[in-house]
Amino acid sequence: AVVSTQSGHYGRDVKVTEDRPYPEMATSSLIDEEPDRLITINVSGYRFQTLRGTLNRFPDTLLGSSDLEEHFRKDTQEYFFDRNRAAFETILFYYQSNGIMCLPSYVNPDIFLEE
């Protein structure tokens with residue numbers, strides 16, 4: 001997989017891969033109780049990686065609950081969402097920052113509210 005680190009907003013780096021994720025990843029779904037487990041979330045072709053424990057901080061949300069399993073693809077070993085990429089970076093930052101919500105000027109507020 002081609003991995004690049006892009007400077008995200010708020011001074012955070014975001015790992016993005018452009019093709020198939022790492023072959024050594026588990027063959028079953030990645031949602032579990034292992035907070036240090038690295039998971040891949042594919043949002044319309046951009047792959048974001050984060051720790052399971054980061055998402056577990058908000059168990060009443062889609063990414064933090066077992067509902068995430070509905071989006072797991074065994075063929076690519078990742079969670080897939082056909083959604084707005086720019087809005088997702090803001091959503092992921094919400095998890096990483098323990099609940100800080102900041103909407104960048106380049107994200108349409110109406111699109112963000114749909115996400």
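**View 1. Lining of the largest pocket in the predicted model.** Helix α2 gives the most to the lining of the largest pocket, with five residues. Helices (H or I, at least four residues) are DSSP runs numbered from the N terminus, as are strands (E, at least two). A pocket is an open set of points on a 1 Å grid over the protein atoms alone, where a 1.4 Å probe fits, with protein on both sides within 12 Å along at least five of seven lines; lining residues have an atom within 4 Å of a point. The lining comprises 14 residues, and Leu 62, Leu 63, Ile 91, Tyr 95 and Glu 115 lie nearest the pocket's centre.

**View 2. The largest nonpolar core.** This core, a set of buried Ala, Val, Leu, Ile, Met, Phe, Trp, Tyr and Cys residues joined through side-chain atoms within 4.5 Å, has 18 residues. Buried means under 20% relative accessible area, exposed over 50%, and partly exposed in between (1.4 Å probe, protein chains only). Helix α2 gives the most to the core, with five residues.

**View 3. The aromatic pair of Phe 58 and Tyr 94.** Rings of Phe, Tyr and Trp (its six-membered ring) pair if their centres lie within 6.5 Å; planes under 30 degrees apart count as stacked, over 60 as edge-to-face and the rest as tilted. Phe 58 is buried because its relative accessibility is 17%, whereas Tyr 94, at 23%, is partly exposed.

**Notes.** Residues are numbered from 1 along each chain as its sequence is written. In this predicted model, local features need pLDDT of at least 70, side-chain atom pairs count only at pLDDT 80 or more, totals for chains, interfaces and linings use all residues, and side-chain values use heavy atoms, leaving out hydrogens and water.
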